[in-house]
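Colleague: Could you walk me through this one? I have a few quick questions.

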Amino acid sequence: MMFSELFVIPALLKRYDTAPLPEQRAHYLRHLQQLGYRRSTLRKSANHQLALIRLLDLREGDQVSLSRIKHAGALWARPRGRRCKQAATAKARERFVSFGIGWLRFLGWFDETGGMHRRRHPEVQRFEAWMRDERGLSEATIRDYCIVANRFLTWLAVQRVALDKASIADIDAALTERRQSGSLSRRAMHDHAQRLRAFILFAEACGWIAPGLAAGIMPPRFMADDGVPKGLRRDDVLRLLASVEGDRPVDKRDRAVLMLLAIYGLRAGEVGGLRLDDVDWERGLLHVRCPKPGRINVLPLPQSIGNAIVRYLREARPRSFGRSLFLTMHAPIQPLRSSALGAMVRHRLAAIGVVSGRRGTHALRHAAAQHLLDHGMPMKVIGDLLGHRDPSSTAIYAKVDLAALREVAALGLEGLA
């Protein structure tokens, strides 16, 4: 049993062995152990499980809402609520609630319907299956379309408007509210409206909504070449790579990641999607899955990038955690996601004093494209490297005054190493 690995004092071990729901508790603790959590964290988790069972009067198969878990957290945080005279801090209470959600969701006992904004509507599930099975769209595209569709259906539910009763006025109101939130650019608002129109077309074909509504959705206009992509300056890219030449495991990982972003201009999803088998060491090739175009790019693997990846694999990558190439360094050990990659780039840039402008992974992508163009690389080659299907996607970089932005030191790709 899992508990004998965590507790050696007989009385303490007996307490955890004989408490209710032993299998459900042990199964989750084993799951956390496989994710790389330390023994001290597992012991604390085991204690949280007993507290949740006591405070929720938890029984097998219960469906527990978020409000109940938060109430249990408030009781646990009181003085003596956790066998301690002092009250728990707000941060400790949040961690307790978060643990409770994670454990009960793992067991399938968490009532997901308690928050309407988290519920995946059945119509969206049908829409998702159609996009995947009939259209063959990429997972990234499917996710973006489903988010918009789910948000619209949730908005209708809040307004107490049934989908089959929705009118073009309701659709306009939903789009207006989204636009007035101020969180979307003109281009992003255009894409949002296009995705909503695709869902409405699907709903019309299924007979869920009155026909002809999709034709009334007018996405806001924008100029296809408005603005120039905001990349980083060449010297900032060089300083960024120089900042990860240390011997810490996280530096070894981040250097390999940043070289892929800065030299190849890969998207965050492409780097996060790399697997161990994607590196063809014998032929010196890198196979990159492009979720946006939905195909695989085969790129040459320069020695500098290969050396960085080898160093990470040999000296820093956590062992026995799947086939994904880049993993988190701390528990839970899991593949690096796009959000984590973006946060890493912003943190690293802030550390070298770059605290303004665009500082995500796409800034490195734009910088890579601009550097190649400044050095006379044909547009077709740049488009192939970036995975652009449409040459117009690459042509936007040609608007720049190349003479004004050309760097003094004309470094080739290997100059980044």
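This is a predicted model: local features need pLDDT of at least 70, side-chain atom pairs count only at pLDDT 80 or more; totals for chains, interfaces and linings use all residues.

Colleague: Which helix does Asp 254 lie in, and is Asp 254 buried or exposed?

Modeller: Asp 254 lies in helix α11, which covers residues 249-264. With a relative accessible area of 2%, Asp 254 is buried, because the cut-off for that class is under 20%.

Colleague: And what does Asp 254 form with Arg 348?

Modeller: A salt bridge, in which the closest N and O atoms are 2.8 Å apart. The pair links distant parts of the chain, since Asp 254 belongs to helix α11 and Arg 348 to helix α14 (residues 338-351), 94 residues apart. Arg 348 is buried as well, at a relative accessible area of 8%. Both residues also take part in a network of salt bridges that links them with Arg 248, Asp 251 and Arg 253.

Colleague: Which residue does Lys 252 meet in a salt bridge?

Modeller: The side chain of Lys 252 meets that of Glu 315, at 2.6 Å from N to O. This pair, too, links distant parts of the chain, with Lys 252 in helix α11 and Glu 315 in helix α13 (residues 303-315), 63 residues apart. Lys 252 counts as buried at 10% relative accessibility, whereas Glu 315, at 45%, counts as partly exposed.

Colleague: How many salt bridges does the count come to?

Modeller: The count comes to 19. One of them joins the side chains of Glu 270 and Arg 267, again at 2.6 Å from N to O. Glu 270 is buried at 1% relative accessible area, and Arg 267 is buried at 12%.

Colleague: Switching to the strands, what is their order in the sheet?

Modeller: The open sheet of 3 strands runs in the order β1-β2-β3, with antiparallel pairing. β1 (279-280) and β3 (295-300) stand at the edges with a single partner strand each, so one side of each is left without a neighbour in the sheet. Strand β2 (residues 285-290) pairs with β3 over 6 bridges, and Val 288 has Asn 297 in β3 as its bridge partner.

Colleague: Last one: what covers the buried residues of α3?

Modeller: The cover includes α1 (10-18), α2 (22-34), α4 (66-77) and α5 (90-107). Among the buried residues of α3 are Leu 42, His 48, Gln 49 and Leu 56. At 1.5 Å a residue, the 18 residues of α3 (residues 39-56) should span 26 Å, which agrees with end C-alpha atoms that are 26 Å apart. Asp 57, which follows α3, has a positive phi, near 50°.

Methods
Residues are numbered from 1 along each chain as its sequence is written. Side-chain values use heavy atoms; hydrogens and water are left out. Helices (H or I, at least four residues) and strands (E, at least two) are DSSP runs, numbered from the N terminus. The expected span of a helix is 1.5 Å times one less than its number of residues. Buried means under 20% relative accessible area, exposed over 50%, partly exposed in between (1.4 Å probe, protein chains only). Contact means heavy atoms within 4.5 Å. Two strands pair if DSSP finds at least two bridges between them. A salt bridge is a side-chain nitrogen of Lys or Arg within 4 Å of a carboxyl oxygen of Asp or Glu.
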